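Hi there,

Here is the structure I promised to send over. Please have a look at it, and then read on for my notes.

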Amino acid sequence: MQAKKPAYVIFTREKTLDQAELETYWKMVGASLEGHPMKVLSGYGPHEVLEGDKTEGVVIAEFPSMEAAKAWYDSPAYRAAREHRFKGAVYRGILVEATPAPQ
C-alpha cells in the first residue's frame, strides 16, 4: 500500500467585496476545522507577486492527503462558512498534492 502524500490548499484573495461577510467567514472557519487535521503554513503574511495579477492575500494550509483536504472543504461546516467567503471576496482556491518536481 502506497503512503498518502500531504496536500496543500492555497487560497489567494483577489478582491474584497464585503468586509462584513469576510469577518463572518473568519469567525466560522475555525469551527469547520474540528476533526480535520490541518496546519496553516502561511496566513496572510507578507507576500510578493512575481507573475500574474496582484493579490490581496494568500493562505497556504497543509493536510495529510488530498482526500483529507476535500473532506474538510466539502464538510457541512465549511460549506456554510465558505458562502460568506464567496460573498465577501473574489478568491482563487487550489488543491495540490506534494509531488517532487521533475528533474
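Below are my notes on the sheet, the helices and the pocket.

Please keep in mind that this is a predicted model, where local features need pLDDT of at least 70 and side-chain atom pairs count only at pLDDT 80 or more, while totals for chains, interfaces and linings use all residues. Residues are numbered from 1 along each chain as its sequence is written, and side-chain values use heavy atoms, without hydrogens and water.

The sheet is open and has four strands in the order β2-β3-β1-β4, with antiparallel pairing. Strands here are DSSP E runs of at least two residues, helices are H or I runs of at least four, and both are numbered from the N terminus; two strands pair if DSSP finds at least two bridges between them. Because β2 and β4 (89-97) each have a single partner strand, one side of each is left without a neighbour in the sheet. β1 and β3 pair over seven bridges, and Y8 stands opposite E62 in β3.

Helix α2 (66-73) lies across β1, β3 and β4, and helix α3 (76-88) lies across β1 and β4.

The largest pocket holds about 250 Å³ of space. Of its 16 lining residues, the closest to the centre are F11, Y25, V29, V40 and V59. A pocket is an open set of points on a 1 Å grid over the protein atoms alone, where a 1.4 Å probe fits, with protein on both sides within 12 Å along at least five of seven lines; lining residues have an atom within 4 Å of a point. The volume is the space filled by probe spheres set on the points, which are joined across faces, edges and corners.

Best wishes

Key:
Contact = heavy atoms within 4.5 Å. Axes fitted to C-alpha atoms, helices over the stretch in contact; angles between N-to-C directions.
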